[in-house]
Amino acid sequence: MNFLLSPEQIEIQTAVARYLDAECPSTRLHELFDAPDGRADPRLWRGLLDLGVAGLALPEAYGGMGLELVDLALVAETLGSRAAPTPFLGHVIAALAISLAGSEAQKQRWLPGLADGSITATVALAEDGAAWQPEQWRVAAASALTGHKSFVTHAAQADLIVVGLEGGRFGIVRAGADGLSITPQDGIDRTRPCAVLAFDRTPAELLEGGADAAARLCDAALVLAAADAFGGASRCVEMAVDYAKLRRQFGVVIGQFQALKHQLADMATDIEPARGLYWYAAHAWDRLPEQASRSAAQAKAHLADRYLHVARRTVEAHGGIGYTWEFDVQIYLKRAMFDYAWLGVPALHRSRAAALAGW
Amino acid sequence: MDLSYSAESDAFRRDVAAFLKANWDAAAAAAAPDRREREAALRRKAVEHGYLYRGIPRQYGGSEQQPDILKAHIIREEFGKARAPMEIPGVGVQMVVPTLLECGSQWQRDFFVARTLNGEFRWAQGYSEPDAGSDLASVRTSAELVDGHWVINGQKTWSSLAHKAHYMFALVRTDRTARKHAGLSYLLLDLKQPGVTIRPLKQITGDAEFCEVFFDNVRTPQDWIVGAPGEGWAVSKTTLSHERSGFIGSAATSVALFGKLVELARHTMLNGRPAIEDPLVRERLGVLDGYVSAHQYSSYRQFSMAAHGQDAGIAPLMNKLVNTRIADDVAAIARDLIGSSLMLAPPLAGGRGAGNEKWVNQFMGSLGLAIAGGTSNIQRNLIAERGLGLPRDPSNADSAVVNA
Ligand SMILES: Cc1cc2nc3c(=O)[nH]c(=O)nc-3n(C[C@H](O)[C@H](O)[C@H](O)COP(=O)(O)OP(=O)(O)OC[C@H]3O[C@@H](n4cnc5c(N)ncnc54)[C@H](O)[C@@H]3O)c2cc1C
């Protein structure tokens, strides 16, 4: 048994972390967070694409690197830990959808561009706010789509939108297609601008695969969200601990006060042992298919829940500064709120995990 | 990342399983009047095969195998599956033996180790005193060297199973002038001698497993000290490091406990339906399930790191607190499921009880877990100070050694 990262995996993570630290320090993060128009930084995204993040888990035959979901999740963790504003999640999930459900011709046509990032994509899943599960998708699977999708991230930057359809089918809609309208939502997590999409007889290219591919895709998305949450939560603990070593009150650093020390110890104990949840779920997605859905649901539910909890306590540990817009913590709190609700709240996935465990 | 085992490991697992199949029948042993002898015989054979007491040299009754955390893990799993007895449980094997092997003198090893391993010598841990629990360095029980013997006076308390033990390992003050922990020594002593009074203390559960132990001019030979006088603190730390390394596999207990809780929820009726179908119960179980799985995978990771010679970082410091939290959460859910059974006294001495009373014991036991072996707040101090690097609180500089 070897439940460890390989040197190559550590290398990927380190490369992404180093790049983000150089290109997206706190000041830049705030600039992007506050930018009025979509908050995407094409240069930052381009740099990540050059590191190969978009093609990591796509097959080599289509320009990818042929690695596994774990590798992609490690990148998601790192982006989460830096609260990086990039279209990564939507993009890689859209590409995975095509890789899972596309015909040979469709894969050849779309995947190479998605792998090298010459095309940017996103994915449109939720309907009516909280209908995230494939069984709940109602937009009819046809060559022209009519209906709505909400919480579509980075829709304005996307060249392609992969849309979840009735019966777990997927359709590809191109930017600027007839009858497609994109209305920005006032999202809480400004690193991930969201929009409502309306389709009115909008031309779409149907992917071949059906419900099985959709279920698998949703599992992968849950794992990536869990990894993002783990990264963000770990960073919150780090920020809170670092701050406790600096801030002085009553003549000593606040980290010396046991009440705070114990809160920090509890936060760390909530998060650190939970790293394996997303590792295991990612590994199961590739290697242990009968456990994949349950562990993906469990990882997302637990980590998103704990992220929000820890982010909240991180704000508190920072006192008044934590409650300001200009301090980093607020960005993490809002990503935690996003992660909590995105793809469905923890209660939903816990109940799925329970059913899958046969309780 | 690979959760499977190599062909070599699989072959080893088959050997262990075959050994157990040939030598152990759990169902028959449970009912047999000579159960203890059967267990002892199995242990002897398992030592011959290199399965038990692996880290201990042959001359002391061990099987002297190369350290191999993977093999140790497979052995634990297979013995667990076969419900076969493993090493003799208790502080003797867990704490005294490793301490003697590391810090003891030759005669101490020769005399104590083998007989501790086979269960002939049973031990009690004499660390806590009424005024020195978390603040262990303030123990006051004293030992003075008089004519080749240490003469011990004072009191220990909460000493588990002392009334059934032959010997005690104790932290005592041998130098009153030295600073707090600099004056401590680690002594072994015979509990079966005049001057030793052992009074079992009735515990919260109604059982009496831990004891008060009084010393009135109790004697132990000069060379029954482990390490030099004044080194007691350091010596006791070696023991604890062994005890902690034992926590690597500790998730197994939590996983098993959670499984029993799910069973309880299946069999308990709530509003005319199995409680497990109740959305609120499911949600609470689901939250806990997240923690239990996290703990399990964290132990896979710690185990993999140890097997690859890597430092497991901060996670091992957290295992006790995680275990405690899970046991506490299990208790909280079970409490609501068993309802009025919570008003029944639990079965004593590990008895089973007719109905759900065993969960009453689990509830109280979960509290014991939060105190024994270092309280949860002391664990938090350790995590914060050693793990997160927060500044030490000068008033707890001594909370480094904890009690079992
Ligand atoms: C079932 C059981 C078996 C035991 N077996 C043994 C045994 O075999 N041998 C043995 O020697 N001992 C044994 N003990 C004793 C055990 O180790 C001590 O009870 C434990 O270390 C706590 O010490 P205390 O009881 O003096 O509590 P105290 O130290 O008085 O603690 C009381 C409360 O104060 C808190 N507290 C104390 N100091 C601090 C601090 N610095 N920071 C924050 N909070 C603090 C504690 O967390 C606790 O909540 C056993 C205890 C139990 C419950």
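This is a predicted model: local features need pLDDT of at least 70, side-chain atom pairs count only at pLDDT 80 or more; totals for chains, interfaces and linings use all residues.
Start with chain A. It has 13 helices and nine strands. Its radius of gyration is 20 Å, close to the 21 Å that the globule rule gives for 359 residues, so chain A is as compact as a globular protein of that length. Along the principal axes, the C-alpha trace of chain A spans about 70 × 50 × 35 Å. Buried residues make up 61% of the 359.

The accessible surface of chain A comes to about 13,100 Å². Carbon and sulfur atoms hold 53% of that area.

Now chain B. Here there are twelve helices and ten strands. For 404 residues, a compact globule would have a radius of gyration near 22 Å; the value for chain B is 23 Å, which agrees. The C-alpha atoms of chain B fill a box of roughly 75 × 50 × 45 Å along the principal axes. Of the 404 residues, 49% count as buried.

Contacts in chain B can be read in the same way. Among those between residues at least 6 apart in sequence, 69% join residues at least 24 apart. Chain B exposes about 18,600 Å², and carbon and sulfur atoms supply 53% of that surface. Its charged side chains number 45 positive and 44 negative. The centres of the two sets lie 3 Å apart.

Next, the cysteines. The count of disulfides over all chains is zero.

His154(A) is not a glycine, yet it has a positive phi of about 50 degrees. It sits in the loop between strand E2 (144-153) and strand E3 (160-165) of chain A. With a relative accessibility of 3%, His154(A) counts as buried.

Arg83(B) also has a positive phi of about 50 degrees without being a glycine. Its loop runs between helix H4 (69-81) and helix H5 (91-103) of chain B. Is Arg83(B) buried or exposed? Arg83(B) is exposed, because its relative accessible area is 61%, and the cut-off for exposed is over 50%.

Helix H4 of chain B also holds Glu78(B). This residue is buried, with a relative accessible area of 7%. What does Glu78(B) touch, leaving out residues up to four places away in sequence? The partners are Arg13(B), Val16(B), Ala17(B) and Leu20(B).

Move on to helix H5 of chain B, where Val97(B) is found. Val97(B) counts as buried at 2% relative accessibility. Set aside its neighbours within four places in sequence. Val97(B) is then in contact with Ile56(B), Gly92(B), Val113(B), Thr116(B) and Leu117(B). Another residue gives a sense of distance: Tyr60(B) is 37 residues from Val97(B) along the chain, and their C-alpha atoms are separated by 9.9 Å.

Finish with Leu5(A), in the segment before helix H1 (7-23) of chain A. Its relative accessible area is 18%, so Leu5(A) is buried under the 20% cut-off. Beyond its neighbours within four places in sequence, Leu5(A) is in contact with Ile10(A), Gln13(A), Leu74(A) and Trp279(A) in chain A. It is also in contact with Met1(B), a residue of chain B. Val16(A) is eleven residues from Leu5(A) in sequence, and the two lie 15 Å apart in space, C-alpha to C-alpha.

Technical notes. Residues are numbered from 1 along each chain as its sequence is written. Chains are lettered from A and ligands numbered from 1 in the order in which they are written. Side-chain values use heavy atoms; hydrogens and water are left out. Helices (H or I, at least four residues) and strands (E, at least two) are DSSP runs, numbered from the N terminus. The radius of gyration is taken over C-alpha atoms; the globule rule is 2.2 Å times the number of residues to the power 0.38. Buried means under 20% relative accessible area, exposed over 50%, partly exposed in between (1.4 Å probe, protein chains only). Contact means heavy atoms within 4.5 Å. Accessible areas come from the Shrake-Rupley method with a 1.4 Å probe; for residues, only the protein chains shown count as cover. Lys and Arg count as positive and Asp and Glu as negative; His and the chain ends are not counted. The place of a charge is taken as NZ of Lys, CZ of Arg, CG of Asp or CD of Glu. A disulfide is a pair of cysteine sulfur atoms within 2.5 Å.
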